[in-house]
Amino acid sequence: MSIAEMRMGAIAAGWGVRRRTLLEQFGVVYADDVLCTSWATLRADARAARRSLSPQDAWIAATALGLDAPLATNNRSDFSHIQKLRLLRISAT
């Protein structure tokens with residue numbers, strides 16, 4: 001899901017082949033057992049806390065956590081309840 005959303009965003013933004021190739025070189029992470037368990041834990045924790053966390057956003061958050069990387073988003077409220085997740089705001093400029 002994260003890979004599909006990443007590619008869709010680049011295509012929708014009109015990125016050229018060179019820029020999309022760079023994105024693929026640095027941005028593709030495939031699911032493994034640890035990532036799947038992280039996804040499941042995030043979804044279960046959100047459900048227990050009666051918080052909304054879509055399956056897609058859970059994949060994105062689990063991937064960022066697994067890479068110990070900040071997550072860049074314009075939708076901070078979608079992720080703000082996830083402990084240990086570092087959020088960056090994307091500037092519109």
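User: What pattern does the protein follow along the sequence?
Analyst: In this predicted model, local features need pLDDT of at least 70 and side-chain atom pairs count only at pLDDT 80 or more, whereas totals for chains, interfaces and linings use all residues. Residues are numbered from 1 along each chain as its sequence is written, and side-chain values use heavy atoms, without hydrogens and water. The protein has 5 helices and 2 strands, which are DSSP runs (helices H or I of at least four residues, strands E of at least two), numbered from the N terminus. Read along the sequence, the pattern is α-α-α-α-β-α-β.

User: Is α3 parallel or oblique to α4?
Analyst: Helix α3 (residues 33-48) and helix α4 (residues 55-67) pack with their axes 9 Å apart, at an angle of about 125°. Angles under 35 degrees count as roughly parallel, over 145 as roughly antiparallel, 65 to 115 as roughly perpendicular and the rest as oblique. That angle therefore makes α3, relative to α4, oblique.

User: Which element supplies the largest share of the lining of the largest pocket?
Analyst: Among the elements that each supply at least two residues of this lining are α2 (17-27), α4 and β1 (71-73). The largest share, 7 residues, comes from α1.

User: How many nonpolar residues does the lining of the largest pocket have?
Analyst: The lining has 7 polar and 4 charged residues beside the nonpolar class. Ala, Val, Leu, Ile, Met, Phe, Trp, Tyr, Cys and Pro count as nonpolar, Asp, Glu, Lys and Arg as charged, and the others, Gly among them, as polar. The number of nonpolar residues in the lining is 25.

Key
Axes fitted to C-alpha atoms, helices over the stretch in contact; angles between N-to-C directions.
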